[in-house]
Amino acid sequence: MKNLFGKDRRRRSGATPHPKRQDDQVRAKPGRQNAAKPSGATGGHNTAPASAYVLQHLQVFLYSLGQMSRSPWSTFMTAAVIGIALALPAALHVALQNAKDIGAAWDSGTQVSLFLRPEVSDQQAAQLAERVRSWSGIGAVDIITHAEALAEFRQLSGFGAALNILDENPLPAVLVIRPQGNQFEVGFTEELIARLRALPEVEIAEFDMQWLKRLYAIMALAQRGVLILGALLGLAVLLIVGNTIRLMIHSRRDEIEIMKLIGATDAFVRRPFLYSGLWYGLLGAIIAWLMVNVSLWLLHEPVRQLAVLYHNTHFELAGLNTQTTLALLGIGIVLGLMGSLFAVKRHLAAIEP
């Protein structure tokens, strides 16, 4: 006690320690002076706040997941509704891609039948086939000679006995032209047909152009329909997430008021709700991915049997590839964040202590 009051009296009287004694104390504890200015202090000021910011976000990220796990059934129901909304456009997108693959595999709709003039011989037809085969975009050119055309007509028509009375073969040679890598698009085909009809050896160039135009029109309409449906269901996801976050805000109103009373910023208060929306979007996208893949697995065998009936043994349903899967997950996360952001901006501003 004497030492304590003695120090207090010296402090009040303005007395200072003896200079020599003070120098001895400083020399006796050199580490204290170094500790006041650690090496690399400049780098510490830059990295410590950044690491603390990342750590804080990581804690809130896991905290929001823990809050959702306390009510697993309601969390699963909300995520399942989001998953159904995301699965419908994803499934239609996959169906459209498979329809394109089926259309590309149909050789019957992607070939030009070139009927030559009756006076063109088989040798001249072979020379014409070689010339056409060298054009760009042409994959294969098959020749049906005069005799092969008559034999095919005899077999398919059923007039074999009647054809025997003919003195000469009235059927011309035919060239069957197929594209290279399924390049028969509308513009390419129109240009090709015009070029083939200009050949002097050609009498008729037959191609069902109207069928091809209808096919591409149906594909374009289906793509536009998928985009519209995806936009509408994306809006539904925004509303679902926004309503869920609104209920969470109202259930924690007292907690939010207390946090604002002790000085919490708006950014700090809304951060857990934003991460909750992110989790809802991510979980919904994962459920959508599972639903689409399970549906494709259930349809795989019936579709394969149907393809075999159409003499296509190599066709298989294509599922969600890596790019489509990442796009689905990203869309789910973005929609979850946007829905929670709209709800937080509207409802948190109305809560003031």
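Author: Arg 133 counts as partly exposed in this predicted model, because its relative accessibility is 29%, a value that falls between the 20% under which a residue is called buried and the 50% over which a residue is called exposed. Its side chain meets that of Glu 130 in a salt bridge, with 2.7 Å from N to O, and Glu 130 itself counts as exposed, since its relative accessibility is 52%. Both residues belong to helix H6, which covers residues 122-133, and they sit three residues apart, about one turn of the helix.

A search of the whole structure finds five salt bridges, and another of them joins the side chains of Arg 304 and Glu 301, again with 2.7 Å from N to O. Because Arg 304 and Glu 301 are three residues apart in helix H12 (residues 266-309), about one helical turn separates them. Here Arg 304 is partly exposed, with a relative accessible area of 34%, and Glu 301 is likewise partly exposed, with a relative accessible area of 34%.

The side chains of Arg 252 and Glu 255 also meet in a salt bridge, at 3.3 Å from N to O. In this pair Arg 252 counts as buried, because its relative accessibility of 14% lies under the 20% limit, whereas Glu 255 is partly exposed, with a relative accessible area of 36%.

Methods: Residues are numbered from 1 along each chain as its sequence is written. This is a predicted model: local features need pLDDT of at least 70, side-chain atom pairs count only at pLDDT 80 or more; totals for chains, interfaces and linings use all residues. Side-chain values use heavy atoms; hydrogens and water are left out. A salt bridge is a side-chain nitrogen of Lys or Arg within 4 Å of a carboxyl oxygen of Asp or Glu. Helices (H or I, at least four residues) and strands (E, at least two) are DSSP runs, numbered from the N terminus. Buried means under 20% relative accessible area, exposed over 50%, partly exposed in between (1.4 Å probe, protein chains only).
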